[in-house]
Amino acid sequence: MDLAAALDCAPTGERPRFDLAAGALVGGRCADCGGTAWPARAVCHRCGGADVRLGAFSRTGTLVSCTRVMVSRPGLEAPYVLGQVRVDDGPVVFGQILGLDDTEMVPCPVTVRVDAARYWFTPDPGPDRPQDDAGLHAPTDERQN
């Protein structure tokens, strides 16, 4: 596939980002080099190849860094936690982390969560961790611009 084929791809804003049935992020994987991106790009950011195929990524990953934010944003009441997650078979994705307590060590395993409008990550339950987010800053319907 040459780069001219990338011109026929849907614009970034029109490409699917979530697979609600699978509860996973949908991104692109380059057929030439295996590079991944979320959201999917028309051209691979690593090799410049235009054969980028859409697919759902794993629902699991590793939180590699995070920070507690003390300034509210539209749709996010402070304090909240943002972090970088390396999806097990995909890219590093930046997003909100729910249910992370102060005793959690990073890196730690997380699960990807999606709904119709947004995504977030939760730490995987350990032997002492409850299965639910226990009411910590649930996502709102208000979106940031």
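Guide: Happy to! This is a predicted model, and it holds one cavity of 30 Å³ or more.

Visitor: How much space lies in that largest cavity?

Guide: About 40 Å³.

Visitor: And how would anyone find a space like that?

Guide: Rolling a probe the size of a water molecule over the atoms shows where empty space is left.

Visitor: Nice. Which residues line the largest cavity?

Guide: The lining is made up of G28, R29, C30, G35, T36, A37, R41, V43, C44, H45 and V52. Two elements give two or more residues to it, β2 (24-30) and β3 (36-37). The largest share, three residues, comes from β2.

Visitor: How does the lining split by class?

Guide: Five of the lining residues are nonpolar, four are polar and two are charged.

Visitor: Let me pick T36 from that list. Where is it found, and is it buried or exposed?

Guide: T36 is in strand β3. Its relative accessible area is 14%, and because buried means under 20%, T36 counts as buried.

Visitor: What does T36 touch, leaving out residues up to four places away in sequence?

Guide: Its contacts are G28, R29, H45, F57, D89, G90 and P91. Among these, G28, R29 and H45 also line the largest cavity.

Visitor: Let's zoom out. How many helices and strands does the chain have?

Guide: Zero helices and nine strands. From the N terminus on, the elements run β-β-β-β-β-β-β-β-β.

Visitor: What share of the chain is buried?

Guide: Buried residues make up 36% of the 145 residues. As for contacts between residues at least 6 apart in sequence, 51% of them join residues at least 24 apart.

Visitor: New topic: aromatic rings. How many aromatic pairs are there?

Guide: A search of the whole structure finds four. One of them is F18 with Y119, a tilted pair at 6.3 Å centre to centre, with 45° between the planes.

Visitor: Which parts of the chain does that pair tie together?

Guide: F18 lies in strand β1 (residues 18-19) and Y119 in strand β9 (residues 119-123), so the pair links parts that are 101 residues apart in sequence.

Visitor: What else does Y119 pair with?

Guide: Y119 also pairs with F121, this time edge-to-face, at 5.9 Å centre to centre and 75° between the planes. F121 has 0% relative accessibility, so it counts as buried.

Visitor: Which residues form the aromatic cluster?

Guide: F18, W38, Y119 and F121 form one cluster. W38 has something over its face as well: R17 lies there, at 6.0 Å from the ring centre.

Visitor: What about T122, where does that lie?

Guide: T122 lies in strand β9. With 1% relative accessibility, T122 counts as buried. T122 and P109 are 13 residues apart in sequence and 8.6 Å apart in space, C-alpha to C-alpha.

Visitor: Last topic, the backbone. Where are there cis peptide bonds?

Guide: P79 lies in the loop between β5 (60-69) and β6 (80-87). Another cis peptide bond joins V106 and P107, where omega is about 10°. P107 lies in the loop between β7 (92-97) and β8 (108-114).

Visitor: Great, thanks for the tour!

Methods:
Residues are numbered from 1 along each chain as its sequence is written. This is a predicted model: local features need pLDDT of at least 70, side-chain atom pairs count only at pLDDT 80 or more; totals for chains, interfaces and linings use all residues. Side-chain values use heavy atoms; hydrogens and water are left out. Rings of Phe, Tyr and Trp (its six-membered ring) pair if their centres lie within 6.5 Å; planes under 30 degrees apart count as stacked, over 60 as edge-to-face and the rest as tilted. Helices (H or I, at least four residues) and strands (E, at least two) are DSSP runs, numbered from the N terminus. Buried means under 20% relative accessible area, exposed over 50%, partly exposed in between (1.4 Å probe, protein chains only). A charge sits over a ring if NZ of Lys or CZ of Arg is within 6 Å of the ring centre and within 35 degrees of the ring normal. On a 1 Å grid over the protein atoms alone, a cavity is a set of points where a 1.4 Å probe fits but cannot get out, and a pocket is an open set with protein on both sides within 12 Å along at least five of seven lines; lining residues have an atom within 4 Å of a point. Grid points are joined across faces, edges and corners, and a volume is the space filled by probe spheres set on the points. Ala, Val, Leu, Ile, Met, Phe, Trp, Tyr, Cys and Pro count as nonpolar, Asp, Glu, Lys and Arg as charged, and the others, Gly among them, as polar. Contact means heavy atoms within 4.5 Å.
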